[in-house]
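Notebook open, model loaded. I want to go through the sheet, a helix and some charged pairs.

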Amino acid sequence: MNAMRLEGKVAVVTGAAGGLGGGSARRLAGEGARVVAVDIDGDGAARVAAEIGGVAVTADVSREEEVERYLAAAVEHFGRIDLHHLNAGIPGSLDPLPALDVAGFERVLAVNVTSVFLGLRGAFRQYAAQGSGGAVVVTGSIASLRGSADLFAYHTSKHAVLGLARCAAVYGGPLGVRVNVVAPGIVPTDLFAGAGGAVGGGGDMAQRATTTPLRRPGTPDEIGSVVAFLLSDDAAYMTGEVVSVDGGATTTNSLRPSGGAGRWDPAELDR
């Protein structure tokens, strides 16, 4: 592997102030890319950008005009955009289905899905204006591939981004644009910190990760390394793919003893 395989490339990372976005921005910069760190948390984006010698843009990625503005800022500063990591996301409520409200559900879809649509559309428009191809990675999740009795809006949104990415990959292939999805498992970041000690929130992440085959949570850099690979020419024959980075979680049959079957109290879960 060429340690500077992204040298000369310009990369946009959304949600760059967070754990996964910050890890991606640092990894891409470490492999030679010039990075535009985008986040609604402007101070957080600025800290990451200062650390890696990049540029920060404060933006609500769920809003059309804000997406156009961060893309314009990237082009104004660096002259072009080659790579996009559409990573911004929020978890939404852990409440059961009957207790969910429409406003909260729609906000999750706006940040997690509409932002990806707008980012993909903007990427394709910019590639056309440049007369170039490019590469995009969308952050999915283990929640893109499995269901749960909580985090309804989050699971729905992460299923939806797979459809967006796959359709964009089909459209983009003949244009020289690759689109892939990275699907992280449990990676302790601030994303679920607002849930406090609630079961399935942030406080029990490390414990839940011990049920994966690798018996531990992942790190932002481990996700970032896969993002960098998918954006690089090392993945030149990959598009429309979903790459799980989850410690083997999605390989496990939960109905077998090795997957934990029968080793919990269903009554406790059902409560």
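Before anything else, my burial terms: buried is under 20% relative accessible area, exposed is over 50%, and partly exposed is in between (1.4 Å probe, protein chains only). This is a predicted model, so I keep local features only at pLDDT of at least 70 and side-chain atom pairs only at pLDDT 80 or more, while totals for chains, interfaces and linings use all residues. Numbering starts from 1 along each chain as its sequence is written, and side-chain values use heavy atoms, with hydrogens and water left out.

Entry 1, the sheet. I looked up the strand order and got β3-β2-β1-β4-β5-β6-β7, an open sheet of seven strands with parallel pairing. At the edges I find β3 (55-58) and β7 (242-245), each with a single partner strand, so one side of each has no neighbour in the sheet. Neighbouring strands are turned by 20° against each other on average, direction ignored. My strands are DSSP runs of E with at least two residues, my helices runs of H or I with at least four, numbered from the N terminus; two strands pair if DSSP finds at least two bridges between them. I then checked β4 (residues 83-86) against β5 (residues 134-139): they run parallel and four bridges join them. L86 sits opposite V138 in β5.

Just past the helix, G32 has a positive phi of about 105°.

I count a salt bridge when a side-chain nitrogen of Lys or Arg is within 4 Å of a carboxyl oxygen of Asp or Glu. The whole structure has 11 of them. One links R26 and E51 at 2.8 Å, N to O. R26 is in α1 and E51 in α2 (residues 42-52), so this pair ties together parts 25 residues apart in sequence. R26 is partly exposed at 35%, while E51 is exposed at 52%.

Next I noted E31 with R27, closest N and O atoms 3.2 Å apart. E31 is buried at 3%; R27 is partly exposed at 22%.

R63 is partly exposed at 42%, and E65 is partly exposed at 42%. I also noted a network of salt bridges with shared partners, joining R5, R27, E31, D221 and D234.

How values were computed:
Axes fitted to C-alpha atoms, helices over the stretch in contact; angles between N-to-C directions.
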